[in-house]
Amino acid sequence: MYPAELVQPMRDDLGNAGFEHLYTGKEVTEALSKEGTTLVVVNSVCGCAAANARPGAKMSLENAKKPDHTVTVFAGVDREAVDVARAAMIPFPPSSPSMALFKNGELVHMLERHHIEGRPAEMIAENLKEAYNENC
């Protein structure tokens, strides 16, 4: 587990962009049961989260179509919430950072770490925008 003071600025990065922080498995279950589309970002302390994932997720919301709900869980901190989110992302293996788009509780699009690592934030945003245009 990472110290709260270490991860707070990384949480705030998405929180300030309107992402709801989920801390428990129950909160994740409730978020995924909402009607419409929900983007789940599994946040992380790694460099690719800072340089690629978080900026890409925020940029993706600059689109005519976007998810009804945006939420985030933090790997290495919110263990129960992350475990429930990752269970909903099966058959994809656990990875962080990662992003998943759900529609009415069903997984419809997934970006694993290997889709994020080494790719510019703009490319990640475009990938998500395409998923929004198709599903939102």
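Two strands count as paired if DSSP finds at least two bridges between them. Keep in mind that this is a predicted model.

With that in hand, look at the hairpin of E4 and E5: two residues lie between the strands, and Asn104 takes a positive phi near 50 degrees there. Strand E4 covers residues 98-103, and five of its six residues are buried, so E4 is largely enclosed by the rest of the structure.

| Pair | Bridges | Direction |
|---|---|---|
| E2 (residues 37-43) and E4 | six bridges | antiparallel |
| E4 and E5 (residues 106-111) | five bridges | antiparallel |

On the E5 side, look for Phe102, which stands opposite Leu107.

Now for the helices. How do H1 and H3 lie relative to each other? The axes of H1 (residues 4-15) and H3 (residues 47-60) come within 10 Å and cross at roughly 15 degrees. Angles under 35 degrees count as roughly parallel, and H1 and H3 are therefore roughly parallel to each other. Their crossing is left-handed.

Which residues make the contact? From H1 come Met10, Asp13 and Leu14, and they meet Arg54, Ala57 and Lys58 in H3. Sorted by type, the residues of this contact are three nonpolar and three charged, with no polar ones.

Methods
Residues are numbered from 1 along each chain as its sequence is written. This is a predicted model: local features need pLDDT of at least 70, side-chain atom pairs count only at pLDDT 80 or more; totals for chains, interfaces and linings use all residues. Side-chain values use heavy atoms; hydrogens and water are left out. Axes are lines fitted to C-alpha atoms, for helices over the stretch in contact, and angles run from 0 to 180 degrees between N-to-C directions. Helices (H or I, at least four residues) and strands (E, at least two) are DSSP runs, numbered from the N terminus. Angles under 35 degrees count as roughly parallel, over 145 as roughly antiparallel, 65 to 115 as roughly perpendicular and the rest as oblique. A crossing is left-handed if the near helix is turned anticlockwise from the far one by less than a right angle, and right-handed if clockwise. Contact means heavy atoms within 4.5 Å. Ala, Val, Leu, Ile, Met, Phe, Trp, Tyr, Cys and Pro count as nonpolar, Asp, Glu, Lys and Arg as charged, and the others, Gly among them, as polar. Buried means under 20% relative accessible area, exposed over 50%, partly exposed in between (1.4 Å probe, protein chains only).
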